[in-house]
Amino acid sequence: MKDLQPAEIVRLEAEAVVVLDQRRLPDEVAYLVCRSVLEVAEAIRTLAVRGAPAIGIAAGYGYALAAARGDDLDEAAAALLASRPTAVNLPWAIAAMRRGSQDPASLAERARALHEDEVERCRRMAAHAAGLLAPGTRALTHCNTGALATGGVGTALGAIREGFARGLVEHVLVDETRPLLQGARLTAWELERAGIPASVVADAAAGSLMARGDVDAVLTGADRIAANGDAANKIGTYPLAVLAAHHGIPFYLVAPSSSVDLATASGADIPIEERDPAEVTDRFPARNPAFDVTPATLVTAIVTEDGVHRPPYRESLAVLAKREPLREGTRSG
Ligand code: MRU
């Protein structure tokens, strides 16, 4: 099946931001048309568009839409920034949009450039990370880190796709990813479209599958990586990293530099989103932290578009602040 194109995932039109509504997948491919910045913020909050890089891209387009409508740009930025707290890509994208000319045409161009840059980061990350995989790899992944989450080929799932294209990936175990099933609904759908052999597993099955020797590598994305390499990602990532360490399985984080937050010293400083408990159960009291933090000590390597970063991450990630950005205005950190 044809790959999802970047503009099919999220795009800016003359009077709207259009997103592929991820809440309706895999049953239905439907588009949500957001005609104001508040509608874009709501689409991000309700996960119609989700995944760290895709959230940043949608926010950039939302800001450009606000400029095209003649809205107050301070209010537009505040509404977008309030939509979700954990993925640093959102404040990163808003900061990039607020640098330089605030003329509507320039902002539309900058938002589209930001999207194109994420597509390129995905391509480079996937190539670097696939280089870590051995022939016959049975990979385990969590949440959705593919095209839907990034507007490009993906982070961890992009690496898996590239590994499959190189003949290295044999099978993918897809955590269903409680409570909202981004793995079972979105990752499984993307892998099926790509023709990559995959099986959905309950999150709780990961440990016993590792113990049986069914997992060769764990690859996940990240929503915010602190300067010391601690990383926030979808709830359930931290236990996977603990299990991988226990079983001697490499645990790789694949994320663009737009998800690296060098201004945040460690995972303890990353804001963790608590979502509506009704997403877990609407019958009983519940807690619903949407992300957890994996300590850097459990991470075998972090892969960005720059290459493979190894511990100590405070040093290996710091190079991201020094190197040339893909283009002016899109430097991370
Ligand atoms: O709550 P979500 O679905 O936006 O969470 C997304 C994730 O945790 C992804 O794994 C992530 O953004 C990292 S890579 C795209």
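What is the distance from an oxygen atom of the ligand to a polar backbone atom of Ala-52? In the predicted model, this separation is 2.8 Å, where a polar contact is a pair of N or O atoms within 3.5 Å; within protein, one must be able to donate a hydrogen and the other to accept it, and residues adjacent in sequence count only if both atoms are side-chain atoms. The model is predicted, so that local features need pLDDT of at least 70 and side-chain atom pairs count only at pLDDT 80 or more, whereas totals for chains, interfaces and linings use all residues. Residues are numbered from 1 along each chain as its sequence is written, and side-chain values use heavy atoms, with hydrogens and water left out.

The ligand is surrounded by 18 residues, the closest being Arg-50, Ala-52, Arg-84, Asp-223 and Lys-234; a residue is near a molecule or strand if one of its heavy atoms lies within 4 Å of it. An N or O atom in the side chain of Arg-50 is 2.4 Å from an oxygen atom of the ligand. For Arg-84, a polar side-chain atom is found 2.8 Å from a ligand oxygen atom. Of the 410 Å² of accessible area that the ligand has on its own, the protein covers 100% (Shrake-Rupley method, 1.4 Å probe; for residues, only the protein chains shown count as cover).

Strand β5 spans residues 169-175, and five of its seven residues are buried (under 20% relative accessible area; exposed is over 50% and partly exposed in between; 1.4 Å probe, protein chains only). Helices (H or I, at least four residues) and strands (E, at least two) are DSSP runs, numbered from the N terminus. Five bridges in the parallel sense pair β5 with strand β4, residues 137-141, two strands being paired if DSSP finds at least two bridges between them. In this pairing, His-171 of β5 faces Arg-138. Strand β6 (residues 198-201) also runs parallel to β5, with four bridges, and Ser-199 in β6 stands opposite Leu-173.

Helix α8 comprises residues 156-165, and its buried residues include Ala-156, Leu-157 and Ile-160. The buried residues of α8 pack against several elements, among them β4, β5 and α9 (contact means heavy atoms within 4.5 Å). Gly-167 follows α8 and has a positive phi, near 80 degrees.

Ser-266 is located in the loop between β11 (260-261) and β12 (291-294). This residue is buried, with a relative accessible area of 18%. Residues up to four places away in sequence aside, Ser-266 touches Ala-226, Asn-228 and Asp-230.
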